[in-house]
Amino acid sequence: MLSETGGQANNMQVVTRFAPSPTGFLHIGGARTALFNWLYARHYGGKALLRIEDTDKKRSTQEAIEAIFDGLDWLGLHFDDEPVFQSKRAERHAQVANQLLEAGYAYKCFATAEELEEMRAEQRANKQPFLYDGRWRDRDPSEAPEGAPFTVRLKTPAEGETSISDQVQGEVSVKNEELDDYIILRADGTPTYMLAVVVDDHDMGVTHVIRGDDHLNNAFRQLPIYRAMDAIEGGWPDPVYAHVPLIHGQDGGKLSKRHGALGAETYRDEFGILPEALFNYLLRLGWAHGDREEFTREEAIELFDIAGVGKSPSRFDLKKLENLNGHYIREADDARLAPLVAKRIEAKADLDLLAKAMPVLKPRAKTLDELAEGAGFLFAKQPLEMTEKAAKFLDDDGRARLRLISNALSGENDWTMEALEATTKALAEDLDLGFGKIAQPLRAALTGTTTSPGIFDVLVLLGRDESLARIDAQSA
């Protein structure tokens, strides 16, 4: 929580934050970062906070903000306190920049765009890294033309090195000469990302910064702000850093859309993944507790710690996610699954019938889409559309057997699995046929396919009248 003075909240409590930029959906990498922050805070009885880093007004959208909220809510990641919107805190960011300026930890830079481009061109020609050369670091601002625009740059340490004891990466050091004096306040008075992140983390009381290791270099650039402000007013301790390796594709390459770098809503809406399955899968992407693969939410909170996060990138495997999802589908309550599956069926679906069918549909399905596909025969309208394989079983012999099946089942008053099985198998024996010769055309007539739940389950679920109507329609 932000205090009125901007000071840090209770330092004794673990406080983490998830800080997405609302320029798109909640992608897999961001969802895992959110999960790790949430779990760490819950494990230690602390607070997990949410900050929307929406300072890039050209790319930030309300649609993306809503998508992030929606994805987090679907995963069950409910953060403490109201979300902080970085764009609303520009005045506070500028206040800190001016404190740094007044105390000599920052300075005004009057270099023009043309001068900076000449500097970069020279560095490019000499194959040097693009670093600001500090040309205004020790100059008197009075040397600049009156009224000339300026930026404010942080005066980073010029000698020695900066070290971080990262909870994942270990001890990491960078020579300070590799860090340039970067801009913290633009010429129009707006703060830069690097300043805003530090000020917001401090004011929100963040004690642990858990994020992707692509931000590791940022930590070395951000620490000088903490240390300068701590010298100015005190109460700005370094956060504990934990930079988690990024997620790679199954082939070891950078995660992209073809690998599965999609939004959480895509896995929910298009792939039919349950939230508990994605929660569990993301948990295991880079974190381990022995050889265990499956964790309840409560177990995850109890067991999660940064010590279990590995140093190597994890690989996203959609097949593994689907297999895990199949486990959670089998564990899920039938009444809960029914409306989720109904949304995926074109015809109007009877929820009670769907729930009744779940026990025989779930063992075959890995996704909600597969459940919907398996349940499709329940709501198919006559005449049934036949697959090519199913149609082959409805030749002259098949239709003749269907007529015999219809006669046998028409006299069946006890429409139960046991009675239907006894009657149908007795018919196969009378005809001196293997049961498959009876079951194959029967399945085709009832479902339009060659794959379905057990044939007697199908008969019971469809009911006497619908079953006989479908059989008679295909036997004519």
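**Close-up views of a predicted model**

At 1% relative accessibility, Asp203 counts as buried (under 20% relative accessible area; exposed is over 50% and partly exposed is in between, with a 1.4 Å probe and protein chains only). The model is predicted, so to speak, with local features needing pLDDT of at least 70 and side-chain atom pairs pLDDT 80 or more, while totals for chains, interfaces and linings use all residues. Residues are numbered from 1 along each chain as its sequence is written, and side-chain values use heavy atoms, with hydrogens and water left out.

**View A. Arg89 reaches Asp203 through a salt bridge.** The closest N and O atoms of this pair are 2.7 Å apart; a salt bridge here is a side-chain nitrogen of Lys or Arg within 4 Å of a carboxyl oxygen of Asp or Glu. Arg89 sits in the loop between strand E3 (84-85) and helix H3 (90-102), and Asp203 in helix H5, so the pair links distant parts of the chain, 114 residues apart. Helices (H or I, at least four residues) and strands (E, at least two) are DSSP runs, numbered from the N terminus. Arg89 is buried too, at 11% relative accessible area.

**View B. Arg51 and Asp200 form another salt bridge.** Their N to O distance is 3.8 Å. Arg51 belongs to strand E2 (residues 47-52) and Asp200 to helix H5 (residues 193-203), so this contact ties together parts 149 residues apart in sequence. Both Arg51 and Asp200 are buried. The whole structure has 27 salt bridges.

**View C. Arg227 and Asp238 pair up in a salt bridge.** Here the closest N and O atoms are 2.8 Å apart. Because Arg227 lies in helix H6 (residues 216-233) and Asp238 in the loop between H6 and strand E10 (240-244), the pair ties together parts eleven residues apart in sequence. Arg227 is partly exposed at 37%, and Asp238 is partly exposed at 36%.

**View D. Three strands make an open sheet in the order E4-E5-E8.** Pairing is antiparallel; two strands pair if DSSP finds at least two bridges between them. The edges are strand E4 (106-109) and strand E8 (183-185), each pairing on one side only. Four bridges join E4 to strand E5 (residues 151-154), and Thr151 in E5 is the bridge partner of Cys109.

**View E. Glu412 is buried yet has no salt bridge.** Glu412 lies in the loop between helix H15 (396-410) and helix H16 (417-430). The nearest side chain of opposite charge is Arg464, 7.9 Å away (Lys and Arg count as positive and Asp and Glu as negative; His and the chain ends are not counted). A polar atom of the Glu412 side chain lies 3.1 Å from the backbone nitrogen of Asp414.

**View F. Asp350 caps the N-terminal end of helix H12.** One of its side-chain oxygens lies 2.9 Å from the backbone nitrogen of Asp352. Within H12 (residues 351-361), the buried residues include Leu353, Leu354, Met358 and Leu361. The buried residues of H12 pack against helix H11 (334-342), helix H13 (368-375) and helix H18 (455-462), where contact means heavy atoms within 4.5 Å.

Definitions and conventions. A polar contact is a pair of N or O atoms within 3.5 Å; within protein, one must be able to donate a hydrogen and the other to accept it, and residues adjacent in sequence count only if both atoms are side-chain atoms.
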